[in-house]
Amino acid sequence: MDWAALDYEKIANAIVILVVGLAAGLGLKSGRSGRRSTTNTGGDAVEIAGALIDSTTAKALEAGVKSLSSAVEAASFENLNYRKSMERGVEDLTDALKEVTHALASLKEEIIRSKRG
């Protein structure tokens, strides 16, 4: 047999096909033998995305989420109050600027009258 005439790409493809076929066969075999029940048996452990969580951990997570949501709600309320006070401040500043503008206009008229007369 002439080893120089063999195509290396075809040999590599054949090896890859054998390895993939072997891995698929072993995966199917272990998948069939290791089937698990997907229903909850009512125990105190629940599997979520591959992680086991018992009831005490779930309750701690629930308490953490509740405290976080109440903190967010309090921050929202505080932010709303701050915004309202800022709006009142802007309105007061606008009124003060209107008063200053009117005062300057009347002062300007008074200066013009004093120069004429």
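Partly exposed describes a residue whose relative accessible area lies between the limit for buried, under 20%, and the limit for exposed, over 50%. The legends below apply this term to a predicted model.

**Figure 1. Overview of the protein chain in the predicted model.** Two helices and two strands make up the secondary structure of the protein chain, and, read from the N terminus, these elements follow the order α-β-β-α. The protein chain has 117 residues, of which 0% count as buried. Its accessible surface amounts to about 10900 Å², with carbon and sulfur atoms contributing 63% of that area. Across the whole structure, a search finds three salt bridges, and the close-up views that follow take them in turn.

**Figure 2. Close-up of the salt bridge between Glu62 and Lys66 in helix α2.** The closest N and O atoms of Glu62 and Lys66 are 3.5 Å apart, which places the pair within the 4 Å limit used for a salt bridge. Helix α2 spans residues 55-116, and because Glu62 and Lys66 stand four residues apart in this helix, about one helical turn separates them. Glu62 has a relative accessible area of 44% and is therefore partly exposed, whereas Lys66, with a relative accessible area of 52%, is exposed.

**Figure 3. Close-up of the salt bridge between Arg83 and Glu87 in helix α2.** Here the closest N and O atoms of the two side chains lie 3.5 Å apart. Both Arg83 and Glu87 belong to helix α2, where a spacing of four residues corresponds to about one turn of the helix. Arg83 counts as partly exposed, its relative accessibility being 47%, and Glu87 likewise counts as partly exposed, at a relative accessibility of 40%.

**Figure 4. Close-up of the salt bridge between Arg113 and Glu109 in helix α2.** The side chains of Arg113 and Glu109 meet with an N to O distance of 3.6 Å. These residues, too, both lie in helix α2, and their separation of four residues amounts to about one turn of the helix. Arg113 has a relative accessible area of 56%, over the 50% limit, and so is classed as exposed. Glu109, by contrast, has a relative accessible area of 45% and is partly exposed, because this value falls between the limits of 20% and 50%.

Key
Residues are numbered from 1 along each chain as its sequence is written. This is a predicted model: local features need pLDDT of at least 70, side-chain atom pairs count only at pLDDT 80 or more; totals for chains, interfaces and linings use all residues. Side-chain values use heavy atoms; hydrogens and water are left out. Buried means under 20% relative accessible area, exposed over 50%, partly exposed in between (1.4 Å probe, protein chains only). Accessible areas come from the Shrake-Rupley method with a 1.4 Å probe; for residues, only the protein chains shown count as cover.
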